[in-house]
Amino acid sequence: MATAAPGAQFTPLTAAVLTKPTPFVATDGKTHISYELLTTSALPTSTSLRLDRVDVRDARTHRVVGSLSGQALADAANPVGDPLPGADGYTPAPPGPTPTVIPGSQKWIIWLDLVLDRGRPVPKVLEHHLTGAVLTPSGPSAFEETVQATRTGRTPPLNLDPPVRPGTWYSSESCCGNTHHRRGLAPINGRFDVPQRFAIDWYRVGRQEQTWEGDPTRLSSYLSYRQPVVASAGGRVVEVQDGIPDNTPPLTPPIPPIENTVGNHVTVQVAPGRYLLYAHLKPGSLKVREGDRVESGQVLGLIGNSGNSTTPHLHFQVMTTAEFFPTDSPPFTFRQFRVLGQVEPRLWDDNLGVQPTGVLPITPSPYDGRHHARYPLDREVLKF
């Protein structure tokens, strides 16, 4: 007679990951692992469950390497169809409701950003231990389940040269908080991806700590506009798009067709399954064609404001495919840079040009100083 496998149980939640969790070292000197747990309630629509805790553990030792509960869990979990809280960029995201209650038959995403202290080993396999209660008419019925054992990536992130010329630059919307890059869940061709997970938007910063000066409705007022974009690594150009006009700042333009999302751009293959995207370039400024070989530091074009862009900046990221949709977004690092400070308020593409002035409120960072083979964290100001 057939029997169940050892340890088999009915689980109220199923789970899947959207990428291979790959460790990287950021400017705080710690190892980060940022990925997503896509959960689905297997309960009927009439029955909800309360998710109390998510523990990410080393699958071999069962040692907890990161956990979410209470308000932290509420702020890191949302139904897949809900808009990103705080995505307008003007106000911080409101706290998520606690406790975290998932209605029956719904699909929720849990945004996991693990931080391991310096020198702490990265588990080869992660597992996810979920605890909570099914909310039945007769009262809560506790459950716990261990789901989705997942191997971590063993290939080191690409270590790159800067995608811009030497100078002071603001790294906006990078990992690992509640930004439209990190939490940009996209349903493409019947599956979910996070295509911009580790993308960074780059803005040129002037001597008076300004990103623009003069009239913010003029493209030429932005210090980033027409700045050279250079290859961060040598490789082969696999895609070029040109001819999309620049948008007029500072009001957010209508969302363009999917094929024009990243505007004028250059995509360079630098390794098997690794592509660098340089996006929102100025029309007519591109210097390369498909099939060209480029060297690190070679000019590819000029920063513009094309595609889904409100104010001039360079959108830069690593992709796993030559196309932006669909793709995955793995982490990367830069060979060397110096952190000069940080910006506390969330100033980004959609609200940078509507500030009273273009001066960034830069404050000291605990990570000020020189860095090697590190990923810049969100809203750091650095010098290449």
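1. Rings of Phe, Tyr and Trp, taking the six-membered ring of Trp, are treated here as a pair if their centres lie within 6.5 Å. In this predicted model, such ring pairs link Phe 24, Phe 198, Trp 202, Tyr 278, Phe 316, Phe 332, Phe 334, Phe 337, Tyr 375 and Phe 384 into a cluster. By this rule the structure holds 15 aromatic pairs.

2. Trp 202 lies in strand E15 whereas Phe 384 lies in the segment after strand E26 (380-383), so the pair ties together parts that are 182 residues apart in sequence. Trp 202 and Phe 384 are both buried.

3. A separate ring contact involves a charged side chain: Arg 346 lies over the face of Trp 348, at 4.2 Å from the ring centre.

4. The backbone deserves a careful look, because most peptide bonds are trans and most residues other than glycine have a negative phi. A cis peptide bond joins Thr 98 and Pro 99, with omega of about -5°, and Pro 99 is placed in the loop between strand E6 (77-79) and strand E7 (100-102). Another cis peptide bond joins Cys 175 and Cys 176, where omega is about 25°; Cys 176 lies in the loop between strand E12 (168-172) and strand E13 (186-188).

5. Gln 148, although not a glycine, has a positive phi of about 50°, and this residue is placed in strand E10 (residues 139-151). Gln 148 is partly exposed, with a relative accessible area of 27%. Glu 209 is likewise not a glycine and has a positive phi of about 65°, but Glu 209 is found in the loop between strand E15 (200-204) and strand E16 (228-230). Its relative accessible area is 35%, so Glu 209 counts as partly exposed.

6. On strand pairing, E17 (residues 235-241) and E20 (residues 293-294) pair in the antiparallel sense over two bridges, with Val 294 in E20 as the bridge partner of Gly 235. Strand E17 is also joined by five bridges to strand E18 (residues 264-271), again running antiparallel, and here Glu 239 has Thr 267 in E18 as its bridge partner.

Key:
Residues numbered from 1 in each chain as written. Predicted model: local features only at pLDDT ≥ 70, side-chain atom pairs only at ≥ 80, totals over all residues. Heavy atoms only, no water. Helix = DSSP H or I, 4+ residues; strand = E, 2+ residues; numbered from the N terminus. Buried < 20%, exposed > 50% of the residue type's maximum accessible area, 1.4 Å probe, protein only. Pairing = 2+ DSSP bridges. Phe/Tyr/Trp six-rings, centres within 6.5 Å; stacked < 30°, edge-to-face > 60°. Lys NZ or Arg CZ within 6 Å of the ring centre and 35° of its normal.
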